[in-house]
Amino acid sequence: MPADLLFEIGCEEIPAKMLAKAIADLPAAVEQKLTAARLEWSAVRAVGTPRRLAVIVKGLSDRQPDLNEEVVGPPVNAAFAPDGTLTKAGQGFAAKNGVAPSIAASALVKKEVAGKKGLYVVAQRHVVGNETRALLPELLRELAAGIPWPKSMRWGWSETAFVRPVQWLVALFGGEVVPLTWAGQTSGRKSRGHRFLSPGWIEIASPDKYVDALREAHVVVDPDARRDLVRAELSRIEKDTKLRVRPDEALINEVINLGEYPVGVSGTFDPSFLEVPEEIIVTTMRNNQRYFAMEDGSGKLAPRFVTMMATIVKDPAVVARGNEYVIASRLADAKFFFAEDRKKTFDDWNAKLDGVVFQAKLGDGAKTIGNKVARIAGIVEALGGSATAKQAARYAKSDLASLAVGEFPEVQGIMGRHYAKLAGLGDGVATVIDQHWWPKGQGAALPTTDDAALVALADRMDTIVGCFAVGLEPSGSADPFGLRRAAIGIWQILLDRGWTQHYARLRQAAETQLVAQGVKLKDGKPLDEFFRTRLRGIFVEQDIPPQDADAALAQDYRDPIDARARALACAKISKEAREVFKRVANILDDARGKKLTIGASPDPSLFVAKVETDLHAAI
């Protein structure tokens with residue numbers, strides 16, 4: 001009868017991001033192993049906490065089915081000698097498939113095989129299925145050893161590598177232990193509870209009791225259940241404080257894998273820190289401490305935060321004070337950086353950028369961020385940018401030299417916007433400085449003004465053309481400079497703005513600026529294909545059939561609006577119409593080189609079918 005399988009690997013604390021990926025990937029790996037072993041199951045589910053990774057297989061069959069199959073061997077003339085005896089190739093094929101030597105010549109069938117010419121020898125192979133219990137020890141060892149981790153480690157004298165040292169193994173099929181040894185541990189039915197709230201051993205009676213047994217030991221092993229607990233804790237604190245937690249789904253997805261039993265604690269910080277732009281406050285709370293920011297009913301940042309503890313605390317006030325002390329120190333640094341930055345001008349920062357290397361391979365006259373800023377400004381000038389765009393292009397990268405961005409790189413552009421407004425540069429320039437970094441990822445917001453879009457295009461095109469010029473184009477899955485993302489951003493902006501002629505002018509201007517700074521350009525064909533491929537990907541994501549995208553882009557890709565319109569037009573052509581087009585093309589191919597006389601207009605009196613009349617009328 002089918003039974004459930006539980007396999008748990010207990011270890012020291014797994015980093016949150018690694019744990020999340022392992023939980024997501026493990027079911028597919030398990031299913032692949034079970035399929036290869038010819039075992040059937042009804043469902044596979046992976047769960048885990050920082051101290052454990054586990055998989056539960058529901059309804060796993062208790063044995064393999066017997067295998068009866070035909071195995072195709074070599075051609076008959078290669079398997080049999082002229083006298084009818086088996087050659088070495090035939091003998092090897094027979095032995096490999098369990099055919100006894102004494103009957104091999106007569107047991108091998110000669111028959112035609114689909115897709116192949118001539119006769120081939122075929123063996124009937126029969127394999128008796130093994131019991132699942134006998135297969136599981138090796139299967140689970142291979143599964144554990146094959147889990148991919150970004151970084152693994154070894155410990156003690158063992159050669160086994162895993163994300164963290166393994167502390168225990170639980171392996172149960174039904175109610176029985178699956179005996180296996182791996183990573184210096186022998187499997188059993190004992191797991192461990194919460195490190196502080198229930199530190200002893202927990203006996204697991206059967207796989208279906210696993211989740212509940214750990215819950216009684218203050219371990220919430222299901223990530224979805226932990227997510228529900230985190231949301232409940234945030235809601236509880238919102239009611240207590242009369243404030244609301246600023247939405248942050250990515251942070252929730254991270255904190256659920258930081259502990260085994262989430263408990264929320266709220267703390268405060270000095271309201272005077274709110275003089276600092278809130279992006280710095282939220283960034284330091286979120287990235288350094290994993291705190292949730294809180295806001296009032298109008299959306300204004302409040303001097304309060306929420307943190308998730310991994311255990312029940314005796315005195316939440318004590319824990320809150322400790323966290324308040326930590327965040328006060330970090331916010332004091334942010335306040336100092338902000339105050340010091342306000343003593344500088346954009347020109348002061350630009351002077352520093354002349355000494356900051358952007359890409360050394362570009363050469364002495366083009367390698368610094370200062371050089372890049374000059375190129376961006378030149379591109380914007382060449383494309384006829386407004387006065388606002390020209391000024392913003394000169395200052396778009398200035399805040400990279402500020403203390404705030406040096407400490408919190410995530411707020412590049414954002415701080416430039418704040419500093420531009422404080423310096424009286426105007427909202428237009430401030431918007432461009434911020435939004436020239438947009439889009440910041442797939443599906444992210446695009447620049448909202450023409451000026452911001454133009455500077456964003458100039459920045460990205462300069463990076464791409466420069467990197468291709470010095471041999472730094474992407475290779476395989478490696479793209480250390482984010483050139484694919486930059487190219488996609490260019491196409492997204494052009495499509496969003498409806499700009500039809502900007503691509504060619506943009507690329508020409510970027511090449512001109514690089515050449516002026518001493519950079520030697522290479523053959524442009526790889527760059528053509530690079531941009532064409534990125535635009536094709538966008539079209540396919542927009543549900544344009546790949547063959548229609550290819551047809552449109554093979555003609556010309558430089559005008560994305562026109563290329564998309566042509567691809568969409570191709571997509572509307574029916575299968576029947578495509579066949580007609582092919583027939584017309586074939587007729588024209590046949591007619592090449594032949595001397596044909598085509599009349600100025602056909603004679604309708606010669607038509608014999610209504611379709612001819614209709615076609616003539618339509619033309």
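Glu233 and Arg236 sit together in helix 7 (residues 223–241), three residues apart and thus about one turn of the helix, where helices (H or I, at least four residues) and strands (E, at least two) are DSSP runs numbered from the N terminus. The model is predicted, and local features need pLDDT of at least 70, side-chain atom pairs count only at pLDDT 80 or more, while totals for chains, interfaces and linings use all residues. Residues are numbered from 1 along each chain as its sequence is written, and side-chain values use heavy atoms, with hydrogens and water left out.

**Salt bridges**

Glu233 and Arg236 form a salt bridge, a term that stands for a side-chain nitrogen of Lys or Arg within 4 Å of a carboxyl oxygen of Asp or Glu. Glu233 is buried, because its relative accessible area is 15%, whereas Arg236, with 34%, is partly exposed; buried means under 20% relative accessible area, exposed over 50%, and partly exposed in between (1.4 Å probe, protein chains only).

| Pair | Closest N to O distance |
|---|---|
| Arg558 and Asp556 | 3.1 Å |

Lys21 and Asp25 are separated by about one helical turn, because they are four residues apart in helix 1 (residues 16–36). Lys21 has 52% relative accessibility and therefore counts as exposed, while Asp25, at 34%, counts as partly exposed. In the pair of Arg558 and Asp556, Arg558 is partly exposed with a relative accessible area of 44%, and Asp556 likewise counts as partly exposed, at 25% relative accessibility. Elsewhere, salt bridges that share partners join Lys372, Arg375, Lys397, Asp459 and Asp462 into one network.

**Nonpolar cores**

The largest nonpolar core holds 88 residues, and of these Ile464 and Phe531 touch the most other members; such a core is a set of buried Ala, Val, Leu, Ile, Met, Phe, Trp, Tyr and Cys residues joined through side-chain atoms within 4.5 Å. Helix 17 contributes the most to this core, with 13 residues. Not counting residues up to four places away in sequence, Ile464 touches Leu483, Ala486, Ala487, Ile490, Leu527, Phe530 and Phe531, where contact means heavy atoms within 4.5 Å. A second, separate core has 39 residues, including Val30, Ala37, Trp149 and Phe173.

**Helix 16 and its cover**

In helix 16 (residues 427–435), the buried residues are Val429, Ala430, Val432, Ile433, Asp434 and Gln435. Their cover includes helix 11 (346–353), helix 13 (387–395), helix 15 (414–422) and helix 17 (450–469). Arg417 is found in helix 15 and counts as buried, because its relative accessibility is 19%. Leaving aside neighbours within four places in sequence, Arg417 is in contact with Glu279, Ala430, Ile433 and Asp434.

**Aromatic pairs**

The structure has 16 aromatic pairs, counted where rings of Phe, Tyr and Trp (its six-membered ring) have centres within 6.5 Å, with planes under 30 degrees apart taken as stacked, over 60 as edge-to-face and the rest as tilted. Tyr291 and Phe305 form a stacked pair, at 4.4 Å centre to centre and 10° between the planes. Tyr291 lies in the loop between helix 9 (278–289) and strand 15 (292–295) and Phe305 in strand 16 (residues 301–309), so the pair ties together parts that are 14 residues apart in sequence. Both Tyr291 and Phe305 are buried.

The rings of Trp491 and Tyr503 also count as stacked, because their centres are 4.9 Å apart and their planes at 25°. Since Trp491 lies in helix 18 (residues 483–497) and Tyr503 in helix 19 (residues 502–516), this pair ties together parts that are twelve residues apart in sequence. Trp491 is buried, with a relative accessible area of 0%, and Tyr503 is buried, with 2%. Ring pairs link Phe468, Trp491, Tyr503, Phe530, Phe531 and Tyr557 into a cluster.

**Helix 23**

Val584 has its place in helix 23 (residues 575–591) and counts as partly exposed, because its relative accessibility is 42%. Ala577 also lies in helix 23 and, at 33% relative accessibility, counts as partly exposed. Ala577 and Leu400 are 177 residues apart in sequence and 56 Å apart in space, C-alpha to C-alpha.
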